[in-house]
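Please walk me through this structure.

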Amino acid sequence: MFSMTTYNFSETGVFIKDDVKESKLNWRAFIKKMENDKYYYLYLNANSAYIIPKKVLKSSVQKEELESLFAKYLSFNAEVGHLVKE
């Protein structure tokens, strides 16, 4: 069964709350960010990611603010690491 999850993004990181737990993650916790037309994927490791639906962003301003936080606080490796072939 799925529960409602709330994400609050700020200069210090991401606060995540659902019916069972609350978590506070510093931006450095994320090793990779990917996205497609419908979702943002914030990876904690190779097998675990928070999936944020883009449809919950109520305006283009909210989307721009979130993407600004990603650009400012996610490391360069998190932003483009998936493009580098090893």
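Here is a brief tour, from the whole chain down to a single pair of residues.

The model is predicted. The protein chain holds 2 helices and 6 strands. Their order is simple to follow. Starting at the N terminus, the elements run β-β-β-β-β-β-α-α.

Next, look at the chain as a whole. The protein chain has 86 residues, and 23% of them are buried. Buried here means a relative accessible area under 20%. The protein chain exposes about 6,500 Å². Carbon and sulfur atoms supply 54% of that area. Contacts tell another part of the story. Take those in the protein chain between residues at least 6 apart in sequence: 29% of them join residues at least 24 apart.

Now turn to the sheet. Strands of a sheet pair through backbone hydrogen bonds, either parallel or antiparallel. Here, 3 strands form an open sheet, and the pairing is antiparallel. The order across the sheet is S1-S2-S3. Strand S1 covers 6-10 and strand S3 covers 22-26, and these are the edge strands. Each of the two pairs on one side only. From one strand to the next, the twist averages 15°.

Finally, zoom in on one pairing. Strand S2 spans residues 13-17. S1 and S2 pair in the antiparallel sense, over 5 bridges. Which residue stands opposite Val14 in S2? Phe9 does. Find that pair in the view, and the antiparallel pairing of S1 and S2 can be traced from there.

Key
Residues numbered from 1 in each chain as written. Predicted model: local features only at pLDDT ≥ 70, side-chain atom pairs only at ≥ 80, totals over all residues. Heavy atoms only, no water. Helix = DSSP H or I, 4+ residues; strand = E, 2+ residues; numbered from the N terminus. Buried < 20%, exposed > 50% of the residue type's maximum accessible area, 1.4 Å probe, protein only. Contact = heavy atoms within 4.5 Å. Areas by Shrake-Rupley, 256 points an atom, 1.4 Å probe, with all protein chains shown as cover. Pairing = 2+ DSSP bridges. Axes fitted to C-alpha atoms, helices over the stretch in contact; angles between N-to-C directions.
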